[in-house]
Amino acid sequence: MSSRRGRITDEEINELISKLQALLPESSRSRSASRSSASKLLKETCSYIKSLHREVDDLSDRLSELMSTMDNNSPQAEIIRSLLR
């Protein structure tokens, strides 16, 4: 940290950007982690998180549909319930 308490340094920002890039899909990782691209990286991260939310919602809907067609006492239903715990 710099001499000002609570202030983040450029080096720390670049490190955080690099860590964030590592969490994104491969296509986003190939870009440099310069501070000038931080804004674009944050926008891409937000878009990626939104797409993950949509994917989770879709999978949840599909799972609900599948469960509604199953016998609740079947071995398959028990396996699915155990995976959701």
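Confidence in the protein is lowest in helix α2 (residues 26-29), at a mean pLDDT of 62, and highest in helix α3 (residues 38-68), at 92, where pLDDT is the predictor's confidence in each residue, from 0 to 100. Where pLDDT is low, the predicted coordinates should not be read in detail. This is a predicted model, in which local features need pLDDT of at least 70 and side-chain atom pairs count only at pLDDT 80 or more, while totals for chains, interfaces and linings use all residues. Residues are numbered from 1 along each chain as its sequence is written, and side-chain values use heavy atoms, with hydrogens and water left out. For the protein as a whole the mean pLDDT is 83, and 84% of its residues reach 70 or more.

The secondary structure comes to 4 helices and 0 strands, taken as DSSP runs numbered from the N terminus (helices H or I, at least four residues; strands E, at least two). Of the 85 residues, 15% count as buried, that is, under 20% relative accessible area, with exposed meaning over 50% and partly exposed in between (1.4 Å probe, protein chains only). Among contacts (heavy atoms within 4.5 Å) between residues at least 6 apart in sequence, 11% join residues at least 24 apart.

Helix α1 (residues 10-23) has 14 residues and should span 20 Å at 1.5 Å a residue, and its end C-alpha atoms are 20 Å apart, which agrees; the expected span is 1.5 Å times one less than the number of residues. In α1, I13, I17 and Q21 are buried. Because these residues cover an arc of only 75° around the axis, they lie on the same side of α1, the arc being that of the directions from the helix axis to the C-beta atoms. On the other side of α1, E11 and L23 are exposed.
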